[in-house]
Structures are given as structure tokens and as C-alpha cells.
Amino acid sequence: MKTKKGRLKGFIKKHRIISAVISLVLVGAITAGIFAAANGKKEGTQYSFIRTTTLVKGTLEDTVSTTGTVQSAKTSNVTTSLNYTIKSVNVAVGDKVKKGDVIVTLDTEELESQIEKEESNLQKTLSSAQSSYNSAKTSYNTAKSDYNDYASTLSEAKSDYESARAPYEKAQSSLKSYQKAFDSALSAYNAAGAKYVKASAAYNSALRAYKNKASSSNKSALVSAAKAYMKAIQNYYGKCAKGSYTISVTSTTESVDNNSKMGENSASSSASSTSQVSVTQTADELCREVKSAVLSLTGKSLSIPSGSNALYALSSKAQALTKAQEACNYSSLQSAYNTAKSAYDEAKQTTKQYKNALTQAEEQLERAEEELENASTSDSLDELKSQLAECSLKEEQSGTVTALNATVGSAVSKEAAVATIQNLSQLTVDITIEEADINNVETGMNCRITSDASDASLTGTLTQIDPVSNEGSFGATVTIDEATDSMYIGMNATVDIIVSSSDAVYQVPIDAVGTENDTKYVYRQTGGSGTDMEFEKVTVTTGSSNDYYIEIESSQLSEGDVVRSSADLSEGIETVSDSKSGSESSGGLFANLFGGNNRGGSGMPQGGGPMDNNSSNSKGSNNSGGGMGAPPSGGMPGGNNG
């Protein structure tokens with residue numbers, strides 16, 4: 001909202017000569033007022049003028065006024081990044097164009113030659129890629145067929161394997177207890193054999209030591225070694241008579257290792273290399289030899305111990321397991337199972353090979369397909385074709401050509417627009433808003449736009465306000481509502497931003513409202529005329545206001561009532577002696593300059609709305625009552641002067 005100071009500054013700029021005269025008048029008026037009575041005339045004084053306002057309901061607006069330049073709301077620059085010469089120019093400044101119209105055409109002869117060469121190279125690359133793809137497709141189909149065909153072989157092998165496995169596993173289950181007993185006996189046999197070997201070595205060592213040097217300690221060692229050796233003999237094969245003993249059978253488990261260490265019996269060997277052990281000398285016979293040797297050397301008589309007979313127990317468990325295997329035909333079932341399993345394993349391995357071959361063929365086909373797809377396009381060719389399309393410089397919006405920078409045969413400039421297209425039917429006004437007013441306006445407010453070059457008054461909307469100040473003012477944009485032939489781009493315009501508006505209200509100069517004990521009032525004429533008018537106080541409530549006028553309301557007021565334009569009763573008072581010299585008194589000077597003493601005379605404008613009984617309308621009125629904008633304090637004295 002412009003302050004009174006801002007309004008006055010604008011008024012002075014536009015009316016410099018009148019403003020100078022007004023300044024002189026104001027000095028005289030102020031000087032006269034210093035000596036006027038505070039509440040009316042004093043003896044020896046009289047009114048030289050009384051300003052009044054006739055109440056008429058109208059519109060009271062509060063506005064922020066500023067100026068700006070008319071612009072197009074939509075401006076399009078036709079540009080290009082290409083470096084070709086201009087072949088044809090299809091428009092001239094002032095022509096109206098539509099979106100998509102060709103503005104300028106560039107020379108494309110060299111460009112078309114490059115495109116032809118690139119297309120030839122692309123075709124060769126595409127042909128080679130197609131051949132590679134066809135070969136890869138054939139290899140893939142062959143690999144897929146081989147894989148699918150072998151699927152039946154794998155299925156048959158799996159079926160045979162499942163058929164052989166069921167009875168074989170059933171037989172394994174029935175032999176489980178026999179196998180477990182045999183495995184336990186074999187473990188005991190192997191442990192007894194290891195102890196037998198160790199005890200035999202210890203006995204032979206003690207025997208040699210005693211023979212070399214007979215002593216009590218050697219004797220004791222020999223006796224102990226002999227006892228341990230005989231115990232190991234009995235544990236190893238003590239119950240066995242002379243003959244052959246079976247110690248290994250066909251295992252009913254998938255992997256059984258029957259290795260065993262046999263001792264030093266001349267007839268013994270590893271259980272993993274033979275299924276039988278021959279006993280040529282019984283355990284008792286061997287023990288008697290040991291007993292006899294110890295007795296002859298030391299005189300010590302030893303008894304033959306008993307043992308666990310591991311070889312005998314193992315042979316018995318082996319015979320029981322063999323009989324059980326024969327009873328369930330285990331050997332045949334195992335053979336059939338092993339054969340079917342081997343065939344199935346081989347079929348799975350072959351299927352895996354076919355699968356790998358198919359995967360490789362599929363990967364090769366995918367690569368060939370990708371190469372074929374890539375060969376069908378060319379980034380460089382696409383770029384050349386894109387440039388060819390851009391050689392017809394088209395307009396992106398409808399409008400009028402306002403600038404043209406193109407001539408046939410010249411090279412286009414990358415730095416400048418080839419043409420400028422502006423929409424003359426959608427206009428804006430670029431304005432600046434003073435810092436003092438910026439908080440009183442906001443986007444969306446209605447505006448009134450006028451120009452010294454046109455009598456038209458247009459409406460618009462404040463659509464944009466810059467968020468950053470530029471040396472104490474803010475840039476803003478007002479969009480004109482409707483198309484007009486009265487405004488041109490670049491034209492200067494005056495914009496009134498309507499901050500508030502009240503319709504059908506009484507309005508008086510701000511000075512017409514007085515305040516007493518927080519109660520507001522105006523003086524209404526009750527009688528008299530000229531400088532002898534009589535007034536009464538009427539209490540009012542006030543509403544919206546602008547820099548010069550304020551809205552009042554009272555049930556005691558009616559349209560047509562005359563209200564004193566200043567609540568200061570000392571305004572217009574002069575001494576009687578001064579009244580004779582009108583050119584020197586404030587009233588006389590006003591009357592001479594502005595037509596005082598003439599009802600409805602040509603006094604200074606009082607702003608929009610009710611004048612001091614001045615019925616003339618002037619351009620720029622902000623109020624329904626008409627009248628030009630006025631300086632602060634309700635304007636200068638006007639009509640109704642006595």
C-alpha cells in the first residue's frame with residue numbers, strides 16, 4: 001500500500017508547476033491556522049472557505065500504484081545447435097505463425113550424403129550378424145533336440161535303478177543284525193591280532209635278553225612277557241583246532257573294509273587279501289612251547305590261560321552271515337542293483353553333458369541375438385537423422401514473428417535466436433513494487449492497467465512476485481486478463497494493484513472524521529450556506545480506507561447529506577481585516593487560485609469519490625463519485641466557498 005508520502009511524491013512528479021503553487025498555498029494556510037481558534041471562530045474572525053462532501057454511496061478502493069513495461073506472456077526463440085547454411089526463410093517480421101510451422105530450412109545436401117554412407121555400412125554389419133545368428137540358432141536347436149531325446153534314456157535308467165534298489169534294500173534290512181554281529185567280531189579280531197603281534201615281539205625280545213645274560217631281572221621280564229604272550233595267543237585264536245577258518249564275507253553295506261593284521265602264525269595273513277585263515281598249530285600247542293621254554297631256562301612252571309578266541313568267533317559270525325545271504329539271494333540282488341546303479345549314474349553324467357552343451361548353445365544364441373539387435377541400429381546414423389529432422393526449424397507455439405535473424409546463404413548463429421515468436425494476445429506487465437508496499441500485496445490480487453498511449457482501462461491479476469529485493473524494490477508480473485488491441489509489447493503502463501475494495505459505502509476525506517474520547521464523528525450540515533453553513537456532530541463508525549478517503553457508517557446519515565470535509569473547525573478561518581485583502585489571506589489566495597466563492601468551482605481535485613460539491617469526473621478515479629487523485633489531508637479547498 002502506498003503511504004501518503006509515496007502518493008504525494010507521485011503527484012508532485014506528474015504536476016510539478018501545480019505542486020509548486022500548492023506548496024505556497026499550504027504555507028499560507030498553515031500560517032493562518034496557527035492563529036485560528038481551536039473550536040471555531042473567535043471575535044474579529046470569519047470563514048474564508050468551508051470544504052464539504054456530499055454523501056453518495058460508491059466503491060472505495062485501497063490500491064498500490066506502480067508502473068511497468070508490457071511484455072508477451074509467451075515468448076519463443078527459434079534456435080539451433082547445428083552449423084549449416086540457411087536454404088530458405090519462410091516468414092517475415094509481423095507474420096502470424098502456428099505451432100509446427102517451418103520458420104527456416106537449412107541446406108542438408110552434405111548431411112544426406114553422410115546418412116547414405118552410414119546406411120550402407122549398417123546394412124553390411126546387419127547381414128554378417130544375421131548369418132552368425134542363424135548358425136547359433138541351428139546349433140541351439142541341435143543341442144536342445146539331443147538333450148530332449150536323451151531324456152527317455154535317463155528315465156529308463158532311473159526306472160531300472162529304482163526297481164533294483166527296492167529288493168536290494170529289503171535284503172540289506174533283513175541282514176542288518178547278521179552284518180552287525182560280523183562287523184563287531186571283525187573289530188574284536190583285528191584288535192586281538194594287533195595285541196598278538198605286540199605281545200609276540202615283546203616275548204621274543206625278553207627271550208633273547210635272558211639268553212644273553214641270565215639274571216633275576218631278566219628272568220622276571222621273561223616270565224611276564226611269556227604270560228602276556230600266551231594270553232594274546234588264546235585271545236587271538238585259542239579255541240581254534242587245526243584247519244581253515246572263514247573270516248570275510250560279501251558285505252551288506254555299501255562300503256566295508258575288512259583289513260586286519262594277523263600276527264606271526266605262519267598260516268596267517270591279512271583278512272583283506274583272503275577270505276580264510278589256516279591254523280597249522282593250535283593255540284594250546286604254541287602255549288606249551290612257550291611254557292616249556294620258560295621252564296627249561298628259568299625253572300618257572302607257568303599255566304596256560306584261557307582267552308576270547310577272536311578268530312573262532314569271527315569265523316562263526318561269517319558263516320551265519322553267509323547262510324543268511326544265501327537264504328535271501330543277496331548276491332544276485334546286489335549284482336542287479338550295482339548294474340542298474342552304474343547305468344543310472346552313467347545316464348545322469350551323459351545328461352549333464354547334453355545339458356552343458358545346450359546351455360553353451362543357448363548362451364551363444366543370446367550373444368548372437370544381441371549382436372544382431374545392435375547391428376540393426378546405429379547411434380551415429382540416428383544422430384545424423386536427428387540432425388536432418390532439426391534442419392527444418394519449427395515454431396513451438398503460435399504467435400507473431402517479432403524478430404528475425406536469418407538470411408538465405410548465411411550460416412546460422414548458435415549464439416543468437418534465428419527468430420523470436422511472441423503471443424500478442426496474452427500480455428503481461430513487468431512492474432516493480434516498493435519495499436514499503438510489498439507486505440500489503442500478494443499474488444492473485446486484481447489489478448487495473450492503463451497507459452498514456454491508450455484510453456482503455458484493462459483488468460489483470462498479480463501472478464508473480466520476486467522473492468528477493470533489488471535495491472529496495474521487488475520485481476513482479478501482472479497478467480492482463482483479456483486480449484486487447486490497445487496495448488503493445490514494450491509500451492509503458494500504469495498498474496493499480498487493488499489491495500481492498502468496498503462497494504456501496506459512504507466515503508469522506510480522512511480529515512472529515514474527528515475523534516473525541518475514542519468516539520468518531522463527522523460534521524453534517526444542518527443549515528446555512530457558503531461560509532455561513534451550520535453543522536452538527538454525528539457519531540459514526542469507520543471501515544476501510546485508502547490514502548485519502550475512509551468509509552463511514554451511521555444510521556443518522558443518508559445519501560445526499562452534506563458533511564464538512566475537515567473536522568478541524570479552525571480550517572478556513574481568517575481575520576476580518578484580512579478578508580478585505582483576499583490576495584493576502586489564505587482564503588483569498590485559495591479563492592483566486594482555485595475559483596473559491598463559486599459553488600461547484602474548479603477547485604483542486606479531491607480524489608476519487610465525493611468531491612467538495614464538485615461533480616466533474618477525471619481519469620484515474622478510484623471511487624464511484626469520480627474525481628482525480630488528491631494530495632494528503634483530503635485535498636485543497638474547493639467548491640461551496642461563500
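Helices H4 and H7 are roughly antiparallel to each other, because the angle between them is over 145 degrees. That is my starting point today. The model is a predicted one, where local features need pLDDT of at least 70, side-chain atom pairs count only at pLDDT 80 or more, and totals for chains, interfaces and linings use all residues. Residues are numbered from 1 along each chain as its sequence is written, and side-chain values use heavy atoms, with hydrogens and water left out.

A word on names: helices (H or I, at least four residues) and strands (E, at least two) are DSSP runs, numbered from the N terminus.

Two packed helices are described by the angle between their axes and the distance between the axes. For H4 and H7, which covers residues 310–327, the angle is about 155° and the axes are 9 Å apart. Axes here are lines fitted to C-alpha atoms, for helices over the stretch in contact, and angles run from 0 to 180 degrees between N-to-C directions. The crossing of H4 and H7 is left-handed, meaning that the near helix is turned anticlockwise from the far one by less than a right angle.

Which residues make the contact? On H4 they include Phe182, Leu186 and Tyr189, and on H7 they include Leu314, Lys317 and Leu321. Contact means heavy atoms within 4.5 Å. The residues of this contact divide into 16 nonpolar, one polar and one charged. Nonpolar is Ala, Val, Leu, Ile, Met, Phe, Trp, Tyr, Cys and Pro; charged is Asp, Glu, Lys and Arg; the others, Gly among them, are polar.

H4, residues 176–212, also packs with H6, residues 283–298, at about 20° and with the axes 12 Å apart. H4 and H6 are therefore roughly parallel, the word for angles under 35 degrees. Their crossing is left-handed. Among the residues in contact are Tyr203 and Leu207 of H4, and Val290 and Leu297 of H6.

Next, H3. There is a kink of about 25° in H3, centred on Ala151. The bend at a residue is the angle between axes fitted to the seven residues ending there and the seven starting there.

Last, backbone angles. Most residues other than glycine have a negative phi. Ala504, in strand E17 (residues 492–509), has a positive phi of about 55°. Asp518 has a positive phi near 65°, and Asp518 lies in the loop between strands E18 and E19.

Note on methods. Angles under 35 degrees count as roughly parallel, over 145 as roughly antiparallel, 65 to 115 as roughly perpendicular and the rest as oblique.
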